[in-house]
Amino acid sequence: MTIGRWGGEEFVCVCYGMNLEELKSIAEQLRQKIEDTTFEKAIKITCSIGLTELKKGDTAQIIFDRVDKAMYEAKSSGRNRIISNI
């Protein structure tokens, strides 16, 4: 697993050897943990997560465009949710 900052408030996690169902489970655990955590200087923090899966013929740009679209869909459809775009 590799994790890094992708933008101002965006992070990317690349998981190897996992299928989409396993990723959904991990993402849901992460989303729930963030929602349940009380942070010192914030009232409440949640997260919107976009997921995608590598397809044959994908380039890095195609993968990141697809996952970015999923993340923005999660944000625009109510936030604090997970959307997968395959």
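Ground rules. This is a predicted model, so local features need pLDDT of at least 70, side-chain atom pairs count only at pLDDT 80 or more, and totals for chains, interfaces and linings use all residues. Residues are numbered from 1 along each chain as its sequence is written, and side-chain values use heavy atoms, with hydrogens and water left out. Helices (H or I, at least four residues) and strands (E, at least two) are DSSP runs, numbered from the N terminus.

Start with helix H2. H2 covers residues 60-76, 17 residues. The expected span is 1.5 Å times one less than the number of residues. For H2 that should be 24 Å, and the end C-alpha atoms are 24 Å apart, which agrees.

Now its sides. The buried residues of H2 are Phe-64, Arg-66, Val-67, Ala-70, Met-71 and Ala-74. Why do they count as being on the same side of H2? Because they cover an arc of only 160 degrees around the axis. That arc is taken from the directions from the helix axis to the C-beta atoms. As background, an α-helix has 3.6 residues a turn, so residues three or four places apart point the same way. The face turned away from the buried side of H2 carries the exposed residues Gln-61, Lys-69 and Ser-76. What covers the buried residues? The cover includes strands E2 (11-14), E3 and E4 (82-84). Contact here means heavy atoms within 4.5 Å.

For reference, most residues other than glycine have a negative phi.

Is Asn-80 buried or exposed? Asn-80 is buried, because its relative accessible area is 18%. Its side chain makes two kinds of link worth noting. A polar contact is a pair of N or O atoms within 3.5 Å; within protein, one must be able to donate a hydrogen and the other to accept it, and residues adjacent in sequence count only if both atoms are side-chain atoms. The Asn-80 side chain makes one with the side chain of Arg-31, at 3.0 Å. Another goes to the side chain of Glu-35, at 3.1 Å. Leaving out residues up to four places away in sequence, Asn-80 also touches Thr-46, Cys-47 and Ser-48, among others.

On to the core. A nonpolar core is a set of buried Ala, Val, Leu, Ile, Met, Phe, Trp, Tyr and Cys residues joined through side-chain atoms within 4.5 Å. The largest one here has 6 residues: Leu-20, Leu-23, Ala-27, Cys-47, Ile-49 and Leu-51. H1 gives the largest share, 3 residues. Beyond its neighbours within four places in sequence, Ala-27 is in contact with Ile-49, Leu-51 and Ile-82.

H1 also holds Glu-22. Glu-22 counts as partly exposed, because its relative accessibility is 39%. Glu-22 and Glu-35 are 13 residues apart in sequence and 20 Å apart C-alpha to C-alpha.

Last, the hairpin. E1 (residues 2-5) and E2 pair in the antiparallel sense over 4 bridges; pairing takes at least two DSSP bridges between the strands. The hairpin has 5 residues between E1 and E2. Gly-4 has Val-12 of E2 as its bridge partner, and Ile-3 stands opposite Cys-13 in E2.

Glu-10 lies in the loop between E1 and E2. At 16% relative accessibility, Glu-10 counts as buried. Where does its side chain go? Glu-10 and Tyr-72 are joined by a side-chain polar contact of 2.8 Å. Glu-10 also touches Arg-5, Asp-68 and Met-71, among others beyond four places in sequence. Glu-10 and Met-71 are 61 residues apart in sequence, yet 9.3 Å apart C-alpha to C-alpha.

Key: Buried means under 20% relative accessible area, exposed over 50%, partly exposed in between (1.4 Å probe, protein chains only).
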